[in-house]
Amino acid sequence: MIRFPFNFLWGAATSAYQVEGGNTHADWWHWEKISGKERSGAACRHYEMYEKDFDLAQKLHHNAHRLSIEWSRIEPEEGKFSHKELKHYIDVILALRKRHIEPVVTLHHFTNPVWFSKSGGWVRRRSVTRFLRYCDYVTRSLAPYVRYWITINEPTIYISHAYIFGVWPPQSQSYLKATMVTENLASAHVNAYHLIHKIYKRLYLPAPSVSISQNVMAFVPCTKNLKNRVTAYLRHRLYNLGFLDRIMRHKIIPRKTMDFIGINYYSRQVVELKKFRVGNLAMDVCDNKHHRCEKNSLGWDIYPQGLYDVFVGLKKYKLPIMITENGICTDDDDLRWKYIYTHLKHIYRAMKEGVHVVGYLYWSLLDNFEWDKGFGPRFGLIGVNYKTHKRTVRRSARKFSKVCETGILKK
Ligand code: BGC
């Protein structure tokens with residue numbers, strides 16, 4: 001029997017754009033119209049149905065929930081803030097508090113207001129002051145109800161998909177722009193970190209816990225030969241730790257810039273270097289079928305021990321870790337439970353070896369809009385019928401609920 005600490009945070013995560021529906025002022029909404037991809041439309045109608053969804057989370061014994069604030073609702077036009085939308089998010093957070101569910105609030109989860117993107121988005125230096133103005137507006141009102149903040153979700157994924165591979169808006173393929181966006185996102189986080197802390201001090205509130213959600217992967221060398229091992233290590237340094245290191249060493253304000261580390265973990269990459277070129281160093285994977293393992297419905301390898309390996313690499317930061325996302329899209333709900341179970345086992349293994357983990361948030365509470373992949377992939381503990389918007393609690397959710405209730409994972 002495995003017993004997690006009594007004050008462990010247990011729950012699930014969502015992001016505004018993926019569940020709310022009707023986010024007409026977001027850049028992604030406009031991109032959907034021209035990209036020919038599936039439209040997010042009403043998504044899960046969570047904007048209206050959040051009370052019902054939180055009732056289910058409460059019944060499933062969740063004591064924490066990660067959500068995001070949609071910037072384009074709060075500031076649909078530059079400098080014009082919507083009090084009505086702010087009030088909506090206050091209500092959402094109070095609805096969680098009423099159910100004894102700790103909110104973990106993300107300020108930026110991939111989408112931007114249209115006006116922001118149209119005027120250059122994250123490439124522009126002034127993106128930082130614009131983001132801070134929005135953070136200031138939101139934090140001043142939400143501070144009394146929120147202890148945990150995520151400033152930016154998965155900067156590395158956002159940068160690579162939107163500015164290197166060009167598969168997300170604004171579909172750029174430019175290393176120069178990617179570098180500028182990286183610097184601006186890092187600066188946005190560091191400044192937002194200090195701003196949030198300052199607001200709490202001013203309001204005489206206990207200090208908040210602020211972080212980013214960093215996407216990590218296990219980079220596994222295909223064979224034990226030196227070139228694959230070195231490549232896997234370099235990718236780990238660059239992809240998993242690069243942004244974190246940048247934040248920690250940020251030159252403008254050389255003070256603390258994170259209170260915990262938010263980690264999103266899904267899968268592994270089997271590394272096989274085919275040519276000694278920069279592109280190959282960054283991208284080459286083994287296409288052979290000899291690394292057999294189960295996969296999710298998008299074809300990603302399921303590799304729970306990778307989470308343990310990554311945790312060991314994070315020890316050097318000496319900060320608590322919160323798993324802000326870990327999950328599987330699948331039509332096989334038994335596999336979903338197996339995924340959760342095996343990942344929890346490896347988390348516990350790392351905890352036994354001194355890694356300080358404070359919470360586990362499954363991705364996602366609901367089936368939802370999986371960005372450029374549309375509504376096909378089913379990540380939810382709770383299934384959503386997109387025609388009727390009926391929710392169905394899955395068996396895996398009930399099994400996970402037992403762990404949330406007792407803190408015990410039976411072997
Ligand atoms: C993102 C989510 C996404 C999930 C599954 C994470 O990269 O934060 O928005 O739905 O992974 O792909």
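Let me begin with the ground rules. In this predicted model, local features need pLDDT of at least 70 and side-chain atom pairs count only at pLDDT 80 or more, while totals for chains, interfaces and linings use all residues. Residues are numbered from 1 along each chain as its sequence is written, and side-chain values use heavy atoms, with hydrogens and water left out.

I turn to the ligand. Which residues are around the ligand? They are Q18, H109, F110, N153, E154, Y266, W300, E325, W363, E370, W371 and F379; a residue counts as near when one of its heavy atoms lies within 4 Å. By class, this shell has six nonpolar, three polar and three charged residues. Here Ala, Val, Leu, Ile, Met, Phe, Trp, Tyr, Cys and Pro count as nonpolar, Asp, Glu, Lys and Arg as charged, and the others, Gly among them, as polar.

Polar side-chain atoms of Q18 and N153 each lie by an oxygen atom of the ligand, at 2.7 Å for Q18 and at 2.9 Å for N153. For H109, an N or O atom of the side chain is 2.9 Å from a ligand oxygen. Taken alone, the ligand exposes 310 Å², and the protein buries 94% of that; the areas come from the Shrake-Rupley method with a 1.4 Å probe.

Next come the spaces in the protein. On a 1 Å grid over the protein atoms alone, a cavity is a set of points where a 1.4 Å probe fits but cannot get out, and a pocket is an open set with protein on both sides within 12 Å along at least five of seven lines; lining residues have an atom within 4 Å of a point. Grid points are joined across faces, edges and corners, and a volume is the space filled by probe spheres set on the points.

The second largest pocket holds about 280 Å³. Of its 16 lining residues, D27, S117, K118, P169 and P170 lie nearest its centre. Helix α2 gives the most to this lining, with four residues. Helices (H or I, at least four residues) and strands (E, at least two) are DSSP runs, numbered from the N terminus.

P170 is found in the loop between α8 and α9. A cis bond also runs from W363, one of the residues around the ligand, to S364, with omega near 15 degrees.

How many cavities of 30 Å³ or more does the structure hold? There are two. The largest has a volume of about 80 Å³, and among its 13 lining residues E20, H46, L67, Y89 and V92 are the closest to its centre. The second largest cavity has about 30 Å³ of space. Its lining includes Y266 and W300, both of which are also around the ligand.

Finally, I come to the salt bridges, each a side-chain nitrogen of Lys or Arg within 4 Å of a carboxyl oxygen of Asp or Glu. The count is 29. In one of them, the side chains of D53 and R391 meet at 2.8 Å, N to O. D53 lies in helix α3 and R391 in strand β11, so the pair ties together parts that are 338 residues apart in sequence.

Definitions and conventions. A polar contact is a pair of N or O atoms within 3.5 Å; within protein, one must be able to donate a hydrogen and the other to accept it, and residues adjacent in sequence count only if both atoms are side-chain atoms.
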